[in-house]
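This report is written for a reader who wishes to relate a sequence to its three-dimensional arrangement. Please keep the display below at hand while reading.

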Number of protein chains: 2
Amino acid sequence: MQVKLDRFKQLIAEITDLGRAEALLGWDQQTYMPRGSGEDRGNVLETVAGLSHRMFTSSEMGDLLAELAPYAESLDPESDDACLIKRTAHDHEKSTKVPTEWVAEFARVTTIGQMAWEEAKAANKFEVFRPHLEKVLAMRQAYANFFKPYDHIYDPLLDDFEPGMKTSEVQAIFNTLRPQQVQLLKEIAAKPVIDDSFLHIPYADQGQWDFGVDVITRFGYDWNRGRQDKAVHPFTTSFGIDDVRITTRFDPERAASALFSTMHEAGHAMYEQGVAKSLRRYPLANGASMAVHESQSRMWENLVGRSRAFWQFFYPKLLQQFPGQLAGVSQEQFYRGINKVEPSLIRVEADEATYNLHIMLRLELEIALLEGSLQVGDLPQVWNQKMGEYLGVVPAKDSEGVLQDVHWSGGMMGYFPTYALGNLVSAQLWEKMQQDIPNLDGQISQGKFDELLGWLRVNIHQHGAKFEPQVLIKRVTGTTIRPEPFMKYLRDKYSEIYNL
Amino acid sequence: MQVKLDRFKQLIAEITDLGRAEALLGWDQQTYMPRGSGEDRGNVLETVAGLSHRMFTSSEMGDLLAELAPYAESLDPESDDACLIKRTAHDHEKSTKVPTEWVAEFARVTTIGQMAWEEAKAANKFEVFRPHLEKVLAMRQAYANFFKPYDHIYDPLLDDFEPGMKTSEVQAIFNTLRPQQVQLLKEIAAKPVIDDSFLHIPYADQGQWDFGVDVITRFGYDWNRGRQDKAVHPFTTSFGIDDVRITTRFDPERAASALFSTMHEAGHAMYEQGVAKSLRRYPLANGASMAVHESQSRMWENLVGRSRAFWQFFYPKLLQQFPGQLAGVSQEQFYRGINKVEPSLIRVEADEATYNLHIMLRLELEIALLEGSLQVGDLPQVWNQKMGEYLGVVPAKDSEGVLQDVHWSGGMMGYFPTYALGNLVSAQLWEKMQQDIPNLDGQISQGKFDELLGWLRVNIHQHGAKFEPQVLIKRVTGTTIRPEPFMKYLRDKYSEIYNL
């Protein structure tokens, strides 16, 4: 059995390595690649991805996993080997159920779909995108049906991002959360609007870069095992535990954008930098799920980065960096400004109090589309209606409504809910952390983050993708994902800011 | 047969793609990779190199080549397909003699070796590098022995860079050349020393960068299909015909260094940018050999870049960029300064009259190491002794001696002689070009390089690696590589400068 185990680990390590080569090709494409080399890069990416897929779905891998499954049962279920075999078997089973023809066709449909979406968004014409979305949807329905029987057609899609999680679980959580968030929003809307005009004047790129670097260095982002570059869209990518890179961008009229995005990406990156070295060459050197990943980025961005304690330490430094822009702006005014609640049309610009409502809307639409109870042609109208219901704002044009996100055009269905789940997990972990680290706020207000990061390293990071998300959360906090800590966090924070 | 040909081309394209992924991993390692991620990168490089080797040496590839060989004979011998099959068959025969395990282990050893070399060079501690070089050497000896019987243990290594060339041939050329270069050097040494002090004062990095960019843009380097970054050791690397990148470095006290290095690398890069698009995804999208490659870099660096005609156009621009540093320096003084002959410690800073002597020293040491007549531990001492013998200068520290070049740490043995051969080829091509382009000097003195580049595109670049180097050189100049045009070029140039 040891020979089989070794061979399996060699094979999965090589597949992981190919994934990292692919990640570097992608990173380069978005940072430094010359414009003219699209054709060459497309060929190389196709080859590397194709090889890795062939190796993963090979009969050798299938046979090894079949033989190792009973052996894994005999191991300590928390051991690296048991988790690696189980997780790989799960992913392998999913991969082998999807025909190669579907994969090829899906790549074609989504490539064309993304181009149509770009055109539709630019021209504000949903009709241009509609037939393509219909094709994507039909293919996603076919995809789900490869995994029959299921409790819900959305389950196989969700499982790609949240292994083991069921649609019914997410719906139950969101159904509890939604009325409370809507209620909170109503109370805030009745209060005077906060002035954050000082955030919407030009801030020099270099100053934003330097301040962001100072912040995440103090957080504990390890520059010896990472770096930051500029890209059109901020992202985190890993080429191994010891090389986890982030990117950022600058909007001269929205200083807060780059700053919080840098903290957000550093949160993702510190997660992957913190995975145990023993998992180095395996797919377990990764986050447990998209929601757990997002819990890390949102925690550093919001629970840390938008807290009073944080700015107690950092506001004097920010003032030093931007004395002109922040002249006459008190620390309290600044704190209130970066926490201003304002229902808006665009998800990526949403504040903490409204963000999840954007997500819930999308999840409900995705489910209705997949179930067949909603036709693609009716999507814009239902989108606008729900926007009014949940957020009290209605887009005047589809480019600021149903056409705003790239996800569906690329076939990403099942991904959206992880954004909101990440917010919930961040607050749930934070609640536990407050019990375990008595003086957490005091430490933050002194710019000290080592105990916080240490807690995350021990409780979350080191495990990588060894455990399913719900198992991991329960292991750390005593329960699976629940909405109460996040709702309490929101209510406490905004009651104080808005004097509710 | 068409089915076989298509399958062969698909396979060789995928192998080429993997090589390009590998090249990107290498480029990143030398430009942007965080210090801490050597182990991860070593693993990924090992996997990609190993896979590509497995595919290349597979029985499928062997069978296809065996079946296609007679077919290739029926084709026009200058057709892409005939050349591709022939070249691949040659490389395949070599590769099948090298075990996959050796290739993977070599990638690992040289990745770690390069990091050790960087550390050793920075700390001036040969001992840090010694054990790694010993491993590399042992692996290179094992490599050569896969090709027994051979005339000389160095032959299989040389053949990797100069297909078909023998150690004895190179030694014969060098033996003809050496006394003539030594004689020329003696005559120059008897003349007054040229003042080039204005080159050894601080020049701002940015000004050097900008001037270099202007020069190679006028040469015809295509920025839409390439880029320049900083690295410890300047190099050119290709991720496809449409993505050929160069790197440079700055020495604030040696302005000439970055400038000529930029022209040198652009010469390499324009070669690969000029390969015919029909060869895009094949290993023929490459230089014919390292010597032919070096002929291109050295031509732009020296025959163009150190000529009177070149500076007639560019000196006024350089003066504008660095008015302080060059105050009171005439164009003639500058021309003599950049062509000053002075035996020095560093190969890459060597002038045209001494460069080949650096190469001869390295070739002799490589041969002695491989033969086993020289131990790695004795290398620094023998290096210093030979430097004294050939060039009359002895390094005070190993970082300026045996540790100066990256090559050995990356396992590149057999490569050095191609630098000197490249010098010979550049002069041989130049001689022919002077006949074909009557007003070449006049064009250069007007900053016009399109006819020059066009000649190279047609005669050299477009063919990529379709022809063996000696075949290509003979095709263009009428004879195989010979030392006379280079020696005549040197003597004419320095007779005039030094009034010999």
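The model is a predicted one, and its two chains meet through 33 residues of chain A that are in contact with 31 residues of chain B. On the chain A side of this contact, the elements that give two or more residues are helix H1 (2-31) and helix H2 (38-56), and the largest share, 8 residues, comes from H1(A). Sorted by class, that side has 13 nonpolar, 7 polar and 13 charged residues. Chain A is superposed on chain B by a rotation of 170° with 0.9 Å of shift along its axis, at an RMSD of 2.0 Å. The same surface serves both copies, since 94% of the contact residues of chain A recur in chain B.

Helix H6 of chain B, residues 126-145, can be checked for length: at 1.5 Å a residue its 20 residues should span 28 Å, and because its end C-alpha atoms are 28 Å apart, the two values agree.

In soluble globular proteins, nonpolar side chains tend to be buried together. Here the largest nonpolar core has 247 residues, and those with the most contacts inside it are A:Ala21, A:Ala266, B:Ala21, B:Val48 and B:Ala266. Helix H10 of chain B (residues 255-273) gives the largest share of this core, 10 residues. Leaving aside neighbours within four places in sequence, B:Val48 is in contact with residues of both chains, namely A:Asp17 and A:Ala21 together with B:Leu18, B:Ala21, B:Glu22 and B:Leu25.

| Peptide bond | Omega |
|---|---|
| A:Lys148 to A:Pro149 | about 0° |
| B:Lys148 to B:Pro149 | near 0° |

A:Pro149 lies in the loop between helix H6 (126-145) and helix H7 (155-161) of chain A, and B:Pro149 lies in the loop between H6 and H7 of chain B.

Positive phi values also occur in residues other than glycine. A:Asn499, in the segment after helix H20 (484-498) of chain A, has phi near 55°, and A:Asn499 counts as exposed because it has 8 C-beta neighbours inside 10 Å. B:Asn124, in the loop between H5 and H6 of chain B, has a phi of about 55°, and with 14 C-beta neighbours inside 10 Å B:Asn124 counts as partly exposed.

Terms used: Residues numbered from 1 in each chain as written. Chains lettered and ligands numbered in written order. Predicted model: local features only at pLDDT ≥ 70, side-chain atom pairs only at ≥ 80, totals over all residues. Contact = placed C-beta atoms within 7 Å. Helix = DSSP H or I, 4+ residues; strand = E, 2+ residues; numbered from the N terminus. Nonpolar A, V, L, I, M, F, W, Y, C, P; charged D, E, K, R; others polar. Least-squares fit on C-alpha atoms with pLDDT ≥ 70 in both. Expected span 1.5 Å × (residues − 1). Core = buried A, V, L, I, M, F, W, Y, C linked by C-beta atoms within 7 Å. Buried ≥ 20, exposed ≤ 12 C-beta atoms within 10 Å, placed from the backbone.
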